[in-house]
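Colleague: I have a few questions about how you label things. Can we go through them one by one?

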Amino acid sequence: MTAKMLSFLLGLSVAALLAPAARAQDDPDALAAATQQLDSGMALARRQIAASDLTGALGTLERLLFAYPEVVPARLLYASLLCRLDDRQGAELELGLLAGKPIAEADWAGVAAACGAVPRPPPPKKGKNR
Amino acid sequence: MSGPIFTRLGRTAAVLAAAGMTGSPVLAQAVGVNAAVRNKVVIRGAGTNKVRPAVVRERVILNDEVRTGTASQLQILLLDRTTFTVGANAQVAVDRFVYNPAANSRSTGVSVTRGAFRFMSGRTVRRPSGPVSVRTPVATIGVRGTIFEGVVGEDAIRIASREAAVGKKVRAKKDEASLIVLRGPGPRTQGDTSPGAVDVTVGDRTVTLDGPGLALYAPRVGAPPIGPFQISAAGLQALQSLLRTTAEPGGGGKGKDGTTDALLGVAGVAAVVGGAVLLGGKKKKKEQQEQDTQQDPYRQSPN
């Protein structure tokens with residue numbers, strides 16, 4: 001067996017061993033799969049934020065909001081990320097979409113921490129849950 | 001085994017690992033995956049006339065042509081983790097993609113013939129060694145690690161003409177006009193990111209956008225670009241409405257429990273069409289007005 005062929009076969013084996021690890025970290029396919037469900041998508045975004053991958057998290061939340069546009073915590077996290085990326089105008093635009101939606105104090109605290117003083121969207125009208 | 005064999009082994013492993021990441025045949029060069037699809041999005045295969053609906057997690061092949069319908073979006077995740085979002089009424093193709101993770105290098109080219117788009121540089125390659133550019137019919141945008149958006153065509157004219165820096169008297173061509181807006185990261189960015197910028201070349205002029213919200217408008221081939229100027233809140237909102245799904249009527253999407261799965265466009269379009277047929281005259285008109293308002297925030301102003 002030539003050295004070239006040996007190299008190829010060994011490379012194939014190493015690649016097969018490395019593939020699962022790569023999938024877990026950076027594989028676009030795995031990242032896309034994670035945002036098919038709300039919980040796994042939010043968890044992925046939070047992991048990316050914890051790893052300081054703010055643009056990665058922004059992309060994750062964008063995918064999530066395509067599928068779940070009404071999920072308030074996802075849009076709040078998206079807005080807070082825009083603030084952290086110094087896009088305050090974009091953040092305020094996203095927050096404007098949440099007028100009349102219920103916002104949990106813990107979620108708003110995250111926005112306030114990232115954005116500082118920013119207008120809070122008005123709460124739902126009385127007698128309206130959403 | 002000698003040193004060179006190990007070197008070759010490493011190279012082979014890197015190439016095959018990349019192939020494993022895509023799970024695609026080697027002959028058709030996969031450049032990424034469809035990471036999210038909303039409503040009507042179709043792909044025309046590279047070098048063919050065969051058109052198919054876009055499906056989540058399907059491979060994106062070099063020179064595939066993406067076409068989106070009204071209120072439709074596609075997010076492509078490239079192998080280098082660059083995110084490219086295609087907005088409503090767009091026609092786009094990735095026509096250059098070279099990515100070598102082992103050498104930490106890449107070169108990416110995207111052509112936007114019409115419609116709205118958002119580009120977010122991938123984190124993997126921090127110092128790209130090759131050009132990363134987005135071309136419109138009138139401008140070439142050189143990307144320097146950043147997030148930016150643009151729109152080509154009639155929507156660009158509609159949005160730009162309402163900006164004070166542009167006005168309604170500028171002569172534009174509807175198949176050429178391009179509006180480019182930098183979103184960030186800005187100078188006060190946090191985390192593992194650096195401030196970004198784009199260099200927009202129109203004809204023999206290059207204009208740098210290096211602050212969030214800075215915009216440039218190129219109305220037609222041969223005309224000087226207008227800007228940079230700070231885009232208005234209404235202008236940014238109008239651009240955003242082409243690039244995102246909202247919770248308002250017509251926005252679609254899953255509810256909190258994720259029961260309404262409209263990720264594959266055909267079903268979503270069928271539902272919209274079916275819903276429109278069922279609506280009565282006045283109600284239909286009112287909802288259409290609401291949708292129009294969502295697409296065009298200028299209509300919200302009293303005048």
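Colleague: What share of the 303 residues in chain B is buried?

Modeller: This is a predicted model. In chain B, 47% of the 303 residues are buried. The label needs 20 or more other C-beta atoms within 10 Å.

Colleague: Which helices and strands does chain B hold, by number?

Modeller: Chain B has five helices and 17 strands. Of its contacts with a separation of 6 or more, 61% join residues 24 or more positions apart.

Colleague: Now chain A. What makes you say that α4(A) is mostly covered?

Modeller: The count of buried residues: 14 of its 14. Each of them meets the cut-off of 20 or more other C-beta atoms within 10 Å.

Colleague: How does the span of helix α4 of chain A compare with the expected one?

Modeller: The helix covers residues 54-67, 14 residues in total. From first C-alpha to last it reaches 20 Å. At 1.5 Å a residue, 20 Å is expected, so the two values are close.

Colleague: Why is A:S52 called partly exposed?

Modeller: A:S52 has 14 other C-beta atoms within 10 Å. Exposed means 12 or fewer and buried means 20 or more, so 14 falls in between. A:S52 is in the loop between α3 (38-50) and α4 of chain A. Its phi is near 65°, a positive value in a residue other than glycine.

Colleague: And what makes B:R57 partly exposed?

Modeller: B:R57 has 18 C-beta neighbours inside 10 Å. B:R57 is not a glycine, yet its phi is positive, about 75°. Its place is the loop between β3 (51-53) and β4 (59-61) of chain B.

Colleague: Where are B:P185 and B:P228?

Modeller: B:P185 is in the loop between β13 (178-184) and β14 (197-202) of chain B. A cis peptide bond joins B:G184 to B:P185, with omega about -10°. B:P228 is in strand β17 (residues 226-230) of chain B. B:G227 and B:P228 are joined by a cis peptide bond, with omega about 5°.

Technical notes. Residues are numbered from 1 along each chain as its sequence is written. Chains are lettered from A and ligands numbered from 1 in the order in which they are written. This is a predicted model: local features need pLDDT of at least 70, side-chain atom pairs count only at pLDDT 80 or more; totals for chains, interfaces and linings use all residues. Helices (H or I, at least four residues) and strands (E, at least two) are DSSP runs, numbered from the N terminus. Two residues are in contact if their C-beta atoms, placed from the backbone, lie within 7 Å.
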